Amino acid sequence: MINKTKQAGFTAVELLITLIIASMFLFAGYQLYTQVTRDGADANKTAIVSNVAYKKLRKEASDVTTAAPSGCIASAAPTGTERTSTSSENVTGIGTVTYTVTVKCAPSSAGVLDVFRINVKASYKDAGIDKELEHATFVN
């Protein structure tokens, strides 16, 4: 007599191994999800601060073109003359952001327009870490 038994289903060991492997994949996926979410939030904060710093840069560039900053008077200021101002602003979702605006006279010679270098540096804290970003441009 031949005994033919047909196996139906999985053994307990096979199910345990499958559950362990599935739980490792789920744990790795969760860690990846939290990291991507955190990086997205950091990028959003950087973009917000960058936009405000860029607006300050454009405003300062507009002000410089209408009236030369103190110390940078047409062709009379020595190379390296600069004006620096610092201000703080509370930005929603980020906290206090400190902006340092520097307007520096570039060298000029006969027949060349005076050129000013404008630099805006924004400093803020994100999760206890100091972060900075800068925008700069030249105007005449």
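## Nonpolar core

The largest nonpolar core holds 20 residues. Val49, Val97, Tyr99, Ile118 and Ala122 have the most contacts inside it. The largest share, six residues, comes from α1. The model is a predicted one.

In soluble globular proteins, nonpolar side chains tend to be buried together.

## Around Ile118

Ile118 is one of the core residues with the most contacts inside the core.

## Chain layout

The protein chain has one helix and four strands. From the N terminus on, the elements run α-β-β-β-β. Buried residues make up 21% of the 140 residues in the chain.

Among contacts with a separation of 6 or more, 47% join residues 24 or more positions apart.

## The sheet

The four strands form an open sheet in the order β1-β2-β3-β4, with antiparallel pairing. β1 (82-91) and β4 stand at the edges. Each has a single partner strand, so one side of each is left without a neighbour in the sheet. The twist averages 15° from one strand to the next.

β1 and β2 run antiparallel and are joined by ten bridges. Within this pair of strands, Thr86 has Thr100 of β2 as its bridge partner. Strands of a sheet pair through backbone hydrogen bonds, either parallel or antiparallel.

## Tyr99 and aromatic pairs

Tyr99 is another of the core residues with the most contacts inside the core. Lys56 lies over the face of Tyr99, at 4.9 Å from the ring centre. Aromatic pairs are absent: a search of the whole structure finds zero.

## Asp42

Asp42 is found in helix α1. Its relative accessible area is 24%, so Asp42 counts as partly exposed. The cut-off for buried is under 20%.

Not counting residues up to four places away in sequence, Asp42 touches Asp126 and Lys131. Asp42 and Ala127 are 85 residues apart along the chain. The C-alpha atoms of Asp42 and Ala127 are separated by 9.7 Å.

Notes
Residues are numbered from 1 along each chain as its sequence is written. This is a predicted model: local features need pLDDT of at least 70, side-chain atom pairs count only at pLDDT 80 or more; totals for chains, interfaces and linings use all residues. Side-chain values use heavy atoms; hydrogens and water are left out. A nonpolar core is a set of buried Ala, Val, Leu, Ile, Met, Phe, Trp, Tyr and Cys residues joined through side-chain atoms within 4.5 Å. Buried means under 20% relative accessible area, exposed over 50%, partly exposed in between (1.4 Å probe, protein chains only). Helices (H or I, at least four residues) and strands (E, at least two) are DSSP runs, numbered from the N terminus. Two strands pair if DSSP finds at least two bridges between them. Axes are lines fitted to C-alpha atoms, for helices over the stretch in contact, and angles run from 0 to 180 degrees between N-to-C directions. Rings of Phe, Tyr and Trp (its six-membered ring) pair if their centres lie within 6.5 Å; planes under 30 degrees apart count as stacked, over 60 as edge-to-face and the rest as tilted. A charge sits over a ring if NZ of Lys or CZ of Arg is within 6 Å of the ring centre and within 35 degrees of the ring normal. Contact means heavy atoms within 4.5 Å.
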